Amino acid sequence: MTTDVSFDVVVVGAGPVGLACGLEVQRRGLSVCVVDKGALVNSIIGYPTNMEFFSTPELLEIGGYPMTTLHYKPLREDALDYYRRVAFTEKLPLRLFERVTGLEGEQENYTLLTDKGRIRTRYVIVATGFYDVPNYLRVPGENQPHVTHYYKEPYAHADQDVVIIGGKNSAAKAALQLLRAGARPTMVVRGDEISQSVKYWIRPDLINRIKEGRIGCHFNSTVARITETTVELNTPDGPHTLPAQHVYALTGYHPDFTFLATLGITCEADAAQTPTHHAETLETNRPGLYLAGTVCGGLNTSRWFIENGRYHAQLIAARLAGEAAPQLPEVLQPVQLS
Ligand SMILES: Cc1cc2nc3c(=O)[nH]c(=O)nc-3n(C[C@H](O)[C@H](O)[C@H](O)COP(=O)(O)OP(=O)(O)OC[C@H]3O[C@@H](n4cnc5c(N)ncnc54)[C@H](O)[C@@H]3O)c2cc1C
């Protein structure tokens, strides 16, 4: 167990927004530490190999450091390299592979509990994102090893029947990659079309492959059960069974509400179960405890992303340092990913 150490601010989560918070706080002369239960930028490590971001590089930058990329859109690997370089250049104190489990005390005198010890701090910023808790289907067979909620790459699936559940960007990209790597992909989509939110350069490609019959697709369908070798569907034409050696349930993710409750953060009674926070200060119902980044949106995981969530860092850091709130760009209003 690590013995007590003390900081002005502890940031929980070393994702892009957590790192932005850390460096903005540190630049204002406050001592800070960024704690993550996994690796540095753990969520992005979990994204698909060579995944292309939707955003152009300048919209993912933090701390004013330019993100240089070979391509028009950064790849996962560009982002991993970039955020690591920023964290190291800023000499951000990091505590990685250390899970935060609770919070005792109050503003100015908090003690953060972790699975490795206790950290004393005046303020806490929670930037824990949404990528750790999948939206489970809650059907029999979902917990088998060949059913996964995170897609990495297609190569192990050549000459295999693969079922992809979901009809948004992640499912669309996975289905196309699987086809081109020699798998036999079939999509199961709850709605009656591929989501209109699928990016304009991906959607026609997918729709045309479905029309050609090279990617199977069952619309208006849901999964009833997953066995070792099949996926059983409810379709408009009645029950239907698909062969499946592997199943990707790409039905989205949501913030860890249990963890937020452990910290004493309540949720609003709205559809998104928005974690309670002041819209302008980002302070939660527990004084001195702040939220930043994607976690702020609750179930509305596309409300805050890197492009706009990174500005939370400047808002909170200015407040903690006793400065006037900075003038921020309009990007803090709801926007679509570019
Ligand atoms: C496939 C995909 C593509 C995307 N493309 C884009 C894009 O092009 N542009 C864009 O702006 N956004 C994009 N996003 C969204 C963006 O990646 C997220 O909004 C972003 O990662 C949010 O950053 P964050 O710092 O808030 O959270 P995260 O990056 O999720 O970081 C949260 C961190 O908190 C840690 N953590 C969680 N619980 C604990 C705990 N109890 N103790 C300690 N640590 C904990 C996690 O390990 C994690 O490292 C994409 C998302 C996905 C899934």
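Helices and strands here are DSSP runs, numbered from the N terminus, with at least two residues in a strand. All views show a predicted model.

**View 1. The hairpin of strands β4 and β5.** Strand β4 covers residues 100-106 and strand β5 covers residues 109-114; the two pair in the antiparallel sense over six bridges. Two residues lie between these strands, and E108 in the turn has a positive phi of about 80°. Within the pairing, G102 has L113 of β5 as its bridge partner.

**View 2. The hairpin of strands β5 and β6.** Strand β6, residues 117-126, pairs with β5 in the antiparallel sense over five bridges. The bridge partner of T111 in β6 is R120.

**View 3. The shell around the ligand.** The ligand is surrounded by 35 residues, of which G13, G15, N42, G129 and G293 are the closest. Two or more residues of the shell come from each of the helices α1 (16-27), α2 (42-45) and α7 (306-309). By residue class, the shell divides into 16 nonpolar, 13 polar and six charged residues.

**View 4. Helix α1 and the residue G29 that follows.** Helix α1 contains 12 residues and spans 17 Å from its first C-alpha to its last, close to the expected 16 Å. This helix is mostly covered, with 11 of its 12 residues buried. Among the buried residues are P16, V17, L19, C21, L23 and V25, together with E24 and Q26. Just after α1, G29 adopts a positive phi of about 85°.

Terms used. Residues numbered from 1 in each chain as written. Predicted model: local features only at pLDDT ≥ 70, side-chain atom pairs only at ≥ 80, totals over all residues. Pairing = 2+ DSSP bridges. Helix = DSSP H or I, 4+ residues; strand = E, 2+ residues; numbered from the N terminus. Near = placed C-beta within 6 Å. Nonpolar A, V, L, I, M, F, W, Y, C, P; charged D, E, K, R; others polar. Expected span 1.5 Å × (residues − 1). Buried ≥ 20, exposed ≤ 12 C-beta atoms within 10 Å, placed from the backbone.
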